Amino acid sequence: MKRAGDNDDPLAKLTPRTRLTVAGRDPFDHHGYVNTPVYHASTLLYPTAEDFLARRSRYKYGRRGTPTSEALEDALRQLEGESCAGVALLPSGLAAVSAALLAVLQAGDHLLMTDSVYEPTRVFCDKYLSRYGITTTYYDPLIGADIAGLLQPNTRAVFVESPGSLSFEIQDIPAISAAAHAHGALVLMDNTWATPLGFPALDRGVDLSIQAGTKYIGGHSDVMIGMVSAHAGIVRQLKEAVFTMGLCVGPDDMYLALRGLRTLSARLAVHEESGLAVARWLAARPEVLTVMHPALESDSGHALWKRDFSGACGLFAVVFKPVPDAAVHAFLNALTLFGIGASWGGYESLAIPFDCTKIRTATRWAPGGPTVRFHVGLEDIGDLIADLERGFAAFAAEPKA
Ligand SMILES: *Cc1c(COP(=O)(O)O)cnc(C)c1O
């Protein structure tokens, strides 16, 4: 298929939603079957010794790309839009984060990292980047243009994640990108929450956009995969890092991700709508202090979200009024449709207790009560609310100290 960015790209005029149904497949290359087949491949044969020595072939080696990886990369490029020059596939979301950081940083560099970042990203910076002489400074996610004051002569990259996947702060990414670029630093973003459908990161000033495909792209809680999308100026450096480190993804996992992409827009629309309905219902409960969901008008990040995002998903958090943990645990334990488990983005609803106190160094976490993160899946809203009512009944039965 043609690539975004080609002047006569037939897909360029289509919306991302339509492109996701068309990109990365060419049925008449495969006997007319709709989907690109899964190539299980390592060795690639050449007809003659001369062909081998000259490496005369479209593909080189399983790890270097197959029709399966190309199909997924093409579709992801179409999802990102015209600003995307290429995509690297990684075996998990965390591998996508670490590969993107390793691709752009070297000994002596300084990294600015949002304090709201996914915890394993923080661990990678503190435990591993530090071993290679790369220093990390954490900053307040709400810093905006004032990030300029934290840029050091050796600051090579600014990492953003918006909203935070536990605390849901929306960052002013255009302002942060403008300051970083004026300084010659790159902007890396973990865009797992909104996906490029809700936040076209590369169009908003981000240089490397990272997603845990494990979440909404896979969409069925059955695959681990990650991806990094890049601007033209940085794509070669990204691809070289991934190739040099020997990182690649199994063909069945790539296929599951591509299959997930086909229905991403339809699923996300339901996650968003049901998530907002459940969030509004929770916000009206007497047990609830606040709901952290940037698509709610009452949220402190709503104005920025409205300015920069065109969609949300089903992930948000709730702050309960102060009660003993036992009451929150009774609430969670009584739920039957909301499973208790980490990760998110599948078709099923989830709820977990969390506390950011120990994973903050630049800001203080003081939400005012116990916190629970919800992932709203594809179940019927009425059934989910009946489940939550069961939870609140168990909550009420706990003695309040
Ligand atoms: C889950 C997650 C990751 C990591 O993805 P894995 O596939 O689990 O490694 C990275 N960033 C965010 C925001 C996530 O939610």
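How many Å separate the centres of domain 1 and domain 2, taken over C-alpha atoms? The answer is 28 Å, and the legends below start from there. This is a predicted model, in which local features need pLDDT of at least 70 and side-chain atom pairs count only at pLDDT 80 or more, while totals for chains, interfaces and linings use all residues. Residues are numbered from 1 along each chain as its sequence is written, and side-chain values use heavy atoms, with hydrogens and water left out.

**Figure 1. The two domains and the area between them.** Domain 1 covers residues 12-262 and domain 2 covers 265-397, with bounds from an automatic or database domain assignment. Here 37 residues of domain 1 are in contact with 37 residues of domain 2 (contact means heavy atoms within 4.5 Å). About 3200 Å² is buried between the domains, 61% of it from carbon and sulfur atoms; buried area is the accessible area (1.4 Å probe) that two parts lose on being put together, summed over both. Look for L166, W193 and Y216, which supply 25% of the area that domain 1 buries against domain 2, more than any other three residues.

Figure 2. Two salt bridges are counted between domain 1 and domain 2, where a salt bridge is a side-chain nitrogen of Lys or Arg within 4 Å of a carboxyl oxygen of Asp or Glu. E169 forms a salt bridge with R360, and their closest N and O atoms are 3.2 Å apart. On the side of domain 1 that touches domain 2, α5 (119-128), β3 (135-139) and α7 (195-198) each supply at least two residues, and α7 gives the most, with three. Helices (H or I, at least four residues) and strands (E, at least two) are DSSP runs, numbered from the N terminus.

**Figure 3. The residues around the ligand.** Among them are S92, G93, L94, Y118, E161 and W344, each with a heavy atom within 4 Å of the ligand. A polar side-chain atom of D190 lies 2.6 Å from a ligand nitrogen atom. The side chain of T214 has an N or O atom 2.5 Å from an oxygen atom of the ligand, and a polar side-chain atom of K215 lies 2.5 Å from a ligand oxygen atom.

**Figure 4. The loop between β4 and α6.** A cis peptide bond joins S162 and P163, with omega about -10°. F168 lies in the loop between β4 and α6 as well, and has a positive phi of about 65° although it is not a glycine.

**Figure 5. A salt bridge between E70 and R58.** The whole structure holds eleven salt bridges. In one of them, the side chains of E70 and R58 meet at 2.7 Å, N to O. E70 sits in helix α3 (residues 67-80), and R58 in the loop between α2 (49-54) and α3, twelve residues apart.

Notes
A polar contact is a pair of N or O atoms within 3.5 Å; within protein, one must be able to donate a hydrogen and the other to accept it, and residues adjacent in sequence count only if both atoms are side-chain atoms.
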